[in-house]
Amino acid sequence: MTQSTPGLDPPDDSMQGSVLICCTAIVAGVVIGFIGGAFRWCLNAANHLRIDLVHWAQLLPGPGWLVPMAAAATGATLAALIVRWMPLSAGSGIQHVEAVFRGEAKPPSLVLLPAKFIGGVLGIGSGLVLGREGPTVHMGAAIGAEAARRAKLPDSEVRMMQTALGGAGLAVAFNAPVGGTLFTLEEVTKSFRVKTVLATVFAAVTAVACSRFLLGNHPDFLVERIHAPALSWLPLFVIFGLLTGCLGAAYNLLVVWFLDQVGRVRRIPKVAKATIIGAIIGLAMFIYPLAVGGGDTMTQLILGGNRIVMPVVIGYLLVRFIAGPLSYSAGVSGGLFAPLLALGALWGLLFVGVFNTLWPGDEVALAIPMALVGMAALFGATVRAPVTGIVLVIEMTATTSVAVPMMAATAAAVLAAYVVGSPPIYDSLRRRMPADEPPAENA
């Protein structure tokens, strides 16, 4: 028997109601597909411009480091001004999608779209270590809610539709329709109500198909064919997973810590804080150009088999581990998922390097598999959505040969995060919402 959420309108379980929901999901999926695809295209263009700017600044005589600092500070400032106009556009937005589904906030309106789109391009494009998935999920939720309202669906289905289109937004962000669907079911709803499944699947498939018209019909990361690691290595992957769970718990703790510390500085306006954080990220960008931004370029280098010396790996890892939470504390539009994938790949590369030092062997054979496993395991440990993390990485890389060690390590990572008492990151962020972004009509 289908149960409705307490306090909400009962769902329409008729055949006509189900068909209307699916048709609404398809129409909304087309919209978020093209808008999300355009958002990704703009971010890719900004990433190329940013890297070219840094290379040009490095060749300048004198204090060339001031150029990327000024550029990143300007982008962060403009993004913060957009947040001041539309407070709900701050941060990831995924916690708001979850709060809406739980009946703790009102569905977002379409006014959120330009704020998330422009603010995300300015913030992430300027170099802040933030993910594209947060804005895309939130934009999808706003489109889904508006489509459901226009279809005159009951309130409970409006909330369900914004959740389903949020999953479609994640599918567009990572070019992963199955992963986006699982995110809705595993992370947000934590249930498998048939109409929610159908709405999310229809929306995700339609959205990804439309986005591929703009971005190309290929995986996000190109990975050469790799052989499945020998089963004798499975205990090593489990150990790696346990350590990754502790790393994920530390990352979540650092995100909340930076939010608290930056929030306590009340003498400095929020826009000025974003400017300062942007300048810091800009300085890091001058020293390590690939250590900032969403991290796709860095991840592709690792998965493409490029050799990176261990001191550089450590430097990138440390910068991204700190710059990610620091960037999120700036309060501009941007998520946490995409930077986690790059961080997980770096962490896998570092683990293999250390292991090879202690136990010399074929480092190359384990480097890419461990990087892939690190991406899924760190995602699972921080978000506490292990199946979603595994499927996302498999879809983004079109690689299934590492599925068994990936599952073992991700399960171990989630277990370790649970044992040390680390709450899922979006649970922590959602609990902060009443203080940071009260649910207004356009929230």
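Q: How do α9 and α16 pack, at what angle and how far apart are the axes?
A: Helix α9 (residues 234–264) and helix α16 (residues 403–419) pack at about 35 degrees, with axes 7 Å apart. Axes are lines fitted to C-alpha atoms, for helices over the stretch in contact, and angles run from 0 to 180 degrees between N-to-C directions. Helices (H or I, at least four residues) are DSSP runs numbered from the N terminus.

Q: What is the model, and how are residues numbered?
A: This is a predicted model, where local features need pLDDT of at least 70, side-chain atom pairs count only at pLDDT 80 or more, and totals for chains, interfaces and linings use all residues. Residues are numbered from 1 along each chain as its sequence is written, and side-chain values use heavy atoms, with hydrogens and water left out.

Q: Back to α9 and α16: left-handed or right-handed?
A: The crossing of α9 and α16 is right-handed. A crossing is right-handed if the near helix is turned clockwise from the far one by less than a right angle, and left-handed if anticlockwise.

Q: Which residues meet there?
A: From α9, the list includes Leu-234, Phe-237, Val-238 and Gly-241, and from α16 it includes Val-404, Pro-405, Ala-408 and Ala-409. Contact means heavy atoms within 4.5 Å. By class, the contact of α9 with α16 has 13 nonpolar, three polar and no charged residues. Ala, Val, Leu, Ile, Met, Phe, Trp, Tyr, Cys and Pro count as nonpolar, Asp, Glu, Lys and Arg as charged, and the others, Gly among them, as polar.

Q: And α11 with α13, what angle?
A: Helix α11 (residues 296–303) and helix α13 (residues 337–358) pack at about 35 degrees, with axes 8 Å apart. Their crossing is left-handed. Met-298, Thr-299 and Ile-302 in α11 meet Leu-341, Ala-342, Ala-345, Leu-346 and Leu-349 in α13. That contact has seven nonpolar, one polar and no charged residues.

Q: How many residues of α13 are buried?
A: Of its 22 residues, 19 are buried, so α13 is mostly covered. Buried means under 20% relative accessible area, exposed over 50%, partly exposed in between (1.4 Å probe, protein chains only).

Q: What about α3, how many buried?
A: Eight of the eight residues in α3 (residues 94–101) are buried. Among them are His-96, Glu-98 and Phe-101. Just after α3, Gly-103 takes a positive phi of about 80 degrees.

Q: Where is His-138, and what does it touch?
A: His-138 lies in helix α5 (residues 133–150), and has 0% relative accessibility, so it counts as buried. Not counting residues up to four places away in sequence, His-138 touches Leu-88, Ser-92, Gly-93, His-96, Val-97, Leu-112 and Lys-116.

Q: Switching to Val-332, where is it?
A: Val-332 is in the loop between α12 (310–328) and α13. Val-332 is buried, with a relative accessible area of 1%. The C-alpha atoms of Val-332 and Leu-88 are 9.8 Å apart, although 244 residues separate them along the chain.

Q: How many disulfides?
A: The structure holds zero disulfides, a disulfide being a pair of cysteine sulfur atoms within 2.5 Å.

Methods. Helices (H or I, at least four residues) and strands (E, at least two) are DSSP runs, numbered from the N terminus.
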